[in-house]
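Welcome! Take a slow walk with me through this protein, one piece at a time. Keep the picture open beside you as you read.

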Amino acid sequence: MRTRTLLCIALLGLLLWASCTQANDEKTDKETETQEEASKETTEETPGEAEEEEETKEAPKKEKTTEIEEEKDVMVLHTINFARALSENQYLLVEFYAPWCGHCKNLEPIYAEAAGKLKNEEPVMRLAKVDAPEEMELAEEFEVRSFPTLKLFVNGDRKEPVNYNGKHTVKGLIQWMKRRSGPGAPVLDSAESAAQFIDAHNIAIVGFFDDVESEAVKVFKEVALDMTDTEFAITATPEVFQKHEVKANSVVLFKKFDDGRADFSLSEEGKLDKNDLVNFIKTNSMELIIPFNQEIAPQIFSSSILLHSLLFINSTVESQKAMVDESRTIAKEFKGKVMLFIVIDVAADLSYVLSYFGVSEKEAPTARIINMETGKKFSITAGDLTTNSLRQLCQEVVDGTAKPYYRTEEIPEDWNKGAVKVLVGKNFESVALDPTKNVFVEFYAPWCEHCKELAPIWDELGEKYADHDDIIIAKMDATTNEVESFVIQGFPTLKYFPAGDKEVVDYTGKRDLETLSKFLDDGGVLPKEEDEEDDVDDEEDMEAERPKEGDEAGDDNKVCIFTIILNVFSPK
């Protein structure tokens, strides 16, 4: 399940940020930054920066009062005026931020724009912010563990704020606030009002319930509050039931494409499961064959469907466009076998997607299937795409008999000339799994800042052990090469392959020459004091588990394919 989560985040990131110009060092970080990282950044400041900070600290601070100041329509809150802000604002969204947090800086102009629009259009909805490191009392009260953290306070209630789970966009912030402050799901009391509601939206979710006060309705409303991109309504009117041929309590998704509607029936006990309803809506809100674009990407990669069949076609070639229509029959056959069908136009600006799947424009039309749970990819030989070959590939993947493919570069002519050997997919097994050698491999990404920092140390390590016949120091670009035995889930990843077909060791120690050397000299065993220090750190850590120094993300949240696609293949 963890691998699937990583993969979903990875592929979702592909379209969410593909069209943006990014700085690699900012965008390869985890989505939020922990408070503990703040102290780390502080300790790493240069002397000049430290002096500058001392001067800042010495400057007299402005006295805090109950007065509420605003910065670009965002209310500035602290321990003294927080209670007043709650009492004077019915719906108050508060961002707990850290001045040093890059993600908070990125959100700042978006948050300010949303704040200005809401202030002018919906005065009962206001946006505010709290400098969490400065206002530790508030941060602790509301259990702020990462930045930015957004919480909604309704009617002055500070005991049960609502965690913000919407998009970090102007539209997303406003939609979320309006949905939370409105009815969420209006009641349709006539066939006319129902028809108007359904006709007004490309996708409309209508809950048909005998009792609008039932537990099922409460669940329905909870889903409506969370899914702000979709319109919801409720009806208990017999006339509406009859008009739309609904005979029992159920949820109907009306859509202006494919079959026009999809029905979700409640259990025999009349219960409605929230997760099941969300999955039903996400799955049926998409077309049978989905055009791959930025708008639909979040739905694709948050779907509960594990297998995604990708059709690569050139939209400028009529015969290839016809192939999409011909594939609809296959899509219908496998829809009930948990498979999404997605069209990727090679004529569009999606070169980063083609690169990730190892597809060139001239290969179109062709197909690939990816398993979102394992990350494994399956292919059809170039030029062999027909409805029969596509059906066969889909069936083999569903049956578990298809053989996955792995990307690899060609073996460089000078791969073994330097002190650090260069590995690719084609020579990985012959070198790393040589039973007569102890092989220490760095799996890196060219854009990874931590990998760049490690590079000179890794070269030194290679030089140090160049004369050891039984030790090989190697590296592999994991953004363009894959191996069958494991998936790289963070950068840099260091693995030690001991001689004699022994178990592979994941290196998790410090990345300095002394510690790395001791690890090799001890036969792939970390120094004991290293483990003890880690245990102490874990006990003393009051925050959620954060990455070890140098990791792109924590062990349960490593940025794998997401960072590969985002930094290597996205347009710059």
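Before we look at packed helices, we need a word about axes: these are lines fitted to C-alpha atoms, for helices over the stretch in contact, and angles run from 0 to 180 degrees between N-to-C directions. Helices (H or I, at least four residues) and strands (E, at least two) are DSSP runs, numbered from the N terminus. What you see is a predicted model, in which local features need pLDDT of at least 70 and side-chain atom pairs count only at pLDDT 80 or more, while totals for chains, interfaces and linings use all residues. Residues are numbered from 1 along each chain as its sequence is written, and side-chain values use heavy atoms, with hydrogens and water left out.

Let's start with the whole. The protein has 22 helices and 22 strands. Of its 572 residues, 46% count as buried, where buried means under 20% relative accessible area, exposed means over 50% and partly exposed lies in between (1.4 Å probe, protein chains only). A contact means heavy atoms within 4.5 Å. Among contacts in the protein with a separation of 6 or more, 71% are between residues 24 or more positions apart.

The axes of α10 (residues 215-226) and α12 (residues 274-284) come within 10 Å and cross at roughly 50°. The two helices are therefore oblique to each other; angles under 35 degrees count as roughly parallel, over 145 as roughly antiparallel, 65 to 115 as roughly perpendicular and the rest as oblique. Their crossing is right-handed. A crossing gets that name if the near helix is turned clockwise from the far one by less than a right angle, and it is left-handed if anticlockwise. On the α10 side, Val219, Phe220, Glu222, Val223 and Asp226 make the contact, and they meet Lys274, Leu277, Val278 and Ile281 of α12. These residues divide into 6 nonpolar, no polar and 3 charged. Here Ala, Val, Leu, Ile, Met, Phe, Trp, Tyr, Cys and Pro count as nonpolar, Asp, Glu, Lys and Arg as charged, and the others, Gly among them, as polar.

Helix α19 (residues 449-464) and helix α20 (residues 513-521) have axes that come within 10 Å and cross at roughly 40°. That makes α19 oblique to α20, and the crossing is right-handed. From α19 come Leu454, Ile457, Trp458, Glu460, Leu461 and Lys464, while α20 brings Leu513, Leu516, Ser517 and Leu520 to the contact. By class, there are 7 nonpolar, 1 polar and 2 charged residues.

Next, let's see how single helices sit in the fold. An α-helix has 3.6 residues a turn, so residues three or four places apart point the same way. In helix α9 (residues 191-199), the buried residues are Ala191, Ser193, Ala194, Phe197 and Ile198. Seen down the axis of α9, they fall within an arc of 160°, so they line one face of the helix; the arc is that of the directions from the helix axis to the C-beta atoms. The face turned away from this buried side carries the exposed residues Glu192, Gln196 and Asp199. Covering the buried residues of α9 are elements including β9 (203-208), β10 (231-235), α11 (238-243) and β11 (250-255).

Helix α15 (residues 328-335) has Ile330, Ala331 and Phe334 buried. Down the axis of α15, its buried residues fall within an arc of 100°, so they line one face of the helix. They pack against β13 (289-291), β15 (339-345) and α17 (387-399).

Finally, visit a few loops. Most residues other than glycine have a negative phi, and most peptide bonds are trans. Lysine 72 has a positive phi of about 50° although it is not a glycine. This lysine lies in the loop between β2 (69-71) and β3 (74-77), and lysine 72 is exposed, with a relative accessible area of 68%. A cis peptide bond, with omega about 0°, joins alanine 364 and proline 365. Proline 365 has its place in the loop between α16 (351-357) and β16 (366-371).
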